[in-house]
Amino acid sequence: MYNLLLEGADAAQAGGFLGSLGIWGTVGYIVIFGVFIYFLIIRPQKKEQKKMNAMISSMEVGDSVVTTSGFYGVIIDITDEDVIVEFGSNKNCRIPMKKSAIAQIEKAEN
């Protein structure tokens, strides 16, 4: 049976690597892990969101767009939160949709 009462050096060995570092070593590892997560996950996501917001704010009537569902169309009207997109060669197929549903924009040639 394993001795449950450890004394002296045996207690430090039983605690493992993090146990021997003390409280500041453990806090240091948590900070390093937090910085790692920030640069690996949070920062790229913020950059992508900023890029998407810039794309949406630059939309103009007449621009060709691709929606998140893969449909190609042309913007015919823009409101604060929505756009009206005309799909296909049939001029009667006009669908209002959220600006966030636009995946790509190709500027219209003047």
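Analyst: A residue counts as buried when its relative accessible area is under 20%. In this predicted model, 15% of the 110 residues of the chain count as buried.

User: What makes up the chain in terms of helices and strands?

Analyst: There are one helix and five strands. Read from the N terminus, their order is α-β-β-β-β-β.

User: Why is the contact between Asp63 and Lys107 called a salt bridge?

Analyst: The cut-off is a Lys or Arg side-chain nitrogen within 4 Å of an Asp or Glu carboxyl oxygen. In this pair the closest N and O atoms are 3.2 Å apart, so the pair meets the cut-off. Asp63 sits in the loop between helix H1 (9–57) and strand E1 (64–67), and Lys107 in the segment after strand E5 (102–106), so the bridge ties together parts that are 44 residues apart in sequence.

User: How do you know whether Asp63 is buried or exposed?

Analyst: Its relative accessibility is 1%. Buried requires a value under 20%, so Asp63 is buried.

User: What makes Lys98 and Asp82 a salt bridge?

Analyst: Their N to O distance is 3.7 Å, and the limit is 4 Å, so the pair qualifies. Lys98 belongs to strand E4 (residues 94–98) and Asp82 to strand E3 (residues 82–87), which puts the two 16 residues apart. Relative accessibility is 45% for Lys98 and 29% for Asp82; both values lie between 20% and 50%, so both residues count as partly exposed. Salt bridges with shared partners join Asp82, Lys98 and Glu81 into one network.

User: How do you know that Arg94 and Glu86 form a salt bridge?

Analyst: The N to O distance between their side chains is 3.1 Å, within the 4 Å limit, so the pair is a salt bridge. Glu86 has a relative accessible area of 10%, which is under 20%, so Glu86 is buried. In the whole structure, four salt bridges are found.

User: Why are E1 and E2 called paired strands?

Analyst: Pairing needs at least two bridges between the strands. Three bridges join E1 to strand E2 (residues 72–78), so the two pair, and they run antiparallel. Val66 stands opposite Tyr72 in E2. Four residues lie between the strands of this hairpin, where Gly70 takes a positive phi near 95°.

User: What makes E1 and E5 a pair?

Analyst: Four bridges join E1 to E5, and at least two are needed, so these strands pair as well. They too run antiparallel. Ser64 has Glu106 in E5 as its bridge partner.

User: Why is Thr67 called buried?

Analyst: Thr67 is found in strand E1. Its relative accessibility is 4%, under the 20% limit, so Thr67 counts as buried. Leaving aside neighbours within four places in sequence, Thr67 is in contact with Phe87, Met97, Ala101, Ile102 and Ala103.

User: What makes the pairing of Thr67 with Ser69 a polar contact?

Analyst: The limit for such a pair of N or O atoms is 3.5 Å. The side chains of Thr67 and Ser69 are joined at 3.1 Å, so the distance is within that limit.

Definitions and conventions:
Residues numbered from 1 in each chain as written. Predicted model: local features only at pLDDT ≥ 70, side-chain atom pairs only at ≥ 80, totals over all residues. Heavy atoms only, no water. Buried < 20%, exposed > 50% of the residue type's maximum accessible area, 1.4 Å probe, protein only. Polar contact = N/O pair within 3.5 Å; in protein donor to acceptor, adjacent residues only side chain to side chain. Contact = heavy atoms within 4.5 Å.
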